[in-house]
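User: I would like to go through the labels given to this structure and see on what grounds each one rests. Please set each value against its cut-off.

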Amino acid sequence: MAEMRHPREVFDLIGHETAEAAFEATRARGRLHHAWLLTGPEGDGKATFAYRAARRLLGAPADAAYGVLGSSPDHPVSRQVIARSHPDLFVLERVGEDGKVRKVIPVDEARGLSEFFSKSPASAPHRVAIVDAADDLNVNAANAILKTLEEPPAHGVLLMVSHSPGRLLATIRSRCRRLAFQPLSLEAAAAFVREREDVSAEDALRLAKMAGGAPGRAWALAGANAIAMDDAARALIEALPRVDEAMALSLSDRFRGGEGQAQFNLLFDRLAERVHGFAAERAGQGIGGLDRWAQAWETLQRLPREAEALNLDRADALFTALGELRQAARAA
C-alpha cells in the first residue's frame, strides 16, 4: 500500500482544472476575495487545492509541470510549507501537534486566527490561513472564525474546506466566496486508486462508488479494508431475517483498539447504504412496508455517533442494529 501523504506534501491535483483556473484568474486580476469556501465531497482534493493555492499566494512561482496552480516542490516556499515553518501560513485542523486526531478543532486555536491576521506579512505577498475542515469547528470556534470574517484582514486570504457546507453558520457562508469541487467520474477515481493500491479493477470501481467519485476518499477506503466490510454488510443483509451471530461476533473483534471506531463506522455506513438501496428498490416496485426499513436506516445512522459520544459498547450496538434489521425483514 502506498503511503497517504498530507495535502501539504502533495503537488499534483487531477480533475479540478476549472476550479483552479477560476481562482487563478481572480488572483491574476488583483481581485482576490478575502475568504473562500471550498465545497464538495470528502476526499475530492479540496485540501490539496488549498495548499496549492497557498503556495502561490505565499510567493512560489508557477510551474506548469504541476498544473494551473502548480509550483515546484523544490522552491523554498514549498519546503517551508511542508516543514510547517512558513511565518505567513496558519493552519487549523483536527490533527494536534502530537499527531493525534481530535474530535473537533478547539476554540483556543481558532481564536489565534484573529491575531495571525492582525499582523502584516513577514516575507510573502499575503498571509494565508487554511481551515481543514470547517465542519470540525465547534460552535465557539466557528464564532471565532466569524469574527475574523466580519473584519477582513488586509493582505489576508482564508481558505476553508467544507464537506457539508449546509451545516455551517449561515453568516460564515454568506461572507465567503464559494468554489465548488465536483467528484471525478467513477472510472477516473478507480484509476486513481489502482495507481496507488494493488487492487483489481472491479474492487477499485467498488471503492470509487462507495466514495461517490472522490478519489482521496476511495484511496482511504482501500486502506481501511472497506471491501471486506462491504462484503460483510452484504452477507448480513442477505441472511435476514436470520442473524449470523458468528459473523457478527467476528466483526465485533475488529471494533477493539485504536481503529475500532473507524471500522465500526465503516460497517454501519455500508449497512446503511445497502438498506437504502434495498428500500429504494422496493419503493420503485410499489412494495409497501417501508417504515421498518426507514427506522432501521435511521438507527444505522445514529448509533455510530452515539457509540463515540457516549462510549457505548460497539458489539452491543451492532446487535441492536441487527435486531432492528431482523424486525424489518420479518415485517416485509
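Analyst: Rings of Phe, Tyr and Trp (for Trp, the six-membered ring) count as a pair if their centres lie within 6.5 Å, and planes under 30 degrees apart are called stacked, over 60 edge-to-face, and the rest tilted. With that rule, a search of the whole structure finds 9 aromatic pairs. This is a predicted model, in which local features need pLDDT of at least 70 and side-chain atom pairs count only at pLDDT 80 or more, while totals for chains, interfaces and linings use all residues. Residues are numbered from 1 along each chain as its sequence is written, and side-chain values use heavy atoms, with hydrogens and water left out.

User: Why is the pair of Phe-192 and Trp-219 called edge-to-face?

Analyst: The ring centres of Phe-192 and Trp-219 are 6.0 Å apart and their planes stand at 75°, so the pair is edge-to-face. Phe-192 belongs to helix H7 (residues 186–194) and Trp-219 to helix H9 (residues 215–223), 27 residues apart, so that distant parts of the chain are linked, where helices are DSSP runs of H or I with at least four residues, numbered from the N terminus.

User: What makes Phe-192 count as buried or exposed?

Analyst: Buried means under 20% relative accessible area, exposed over 50%, and partly exposed in between, with a 1.4 Å probe and protein chains only. Phe-192 has 14% relative accessibility and therefore counts as buried, and Trp-219, with a relative accessible area of 9%, is buried.

User: How do you know that Arg-196 lies over the face of Trp-219?

Analyst: A charge sits over a ring if NZ of Lys or CZ of Arg is within 6 Å of the ring centre and within 35 degrees of the ring normal. Arg-196 is placed at 5.6 Å from the ring centre of Trp-219 and lies over its face; likewise, Arg-55 lies over the face of Phe-11, at 4.0 Å from the ring centre.

User: What makes a set of residues a nonpolar core?

Analyst: The set consists of buried Ala, Val, Leu, Ile, Met, Phe, Trp, Tyr and Cys residues joined through side-chain atoms within 4.5 Å. The largest such core has 38 residues, and those with the most contacts inside it are Leu-267, Leu-318 and Leu-325. Helix H12 (260–284) is one of the helices that each supply at least two residues of this core, and H12 gives the most, with 8 residues.
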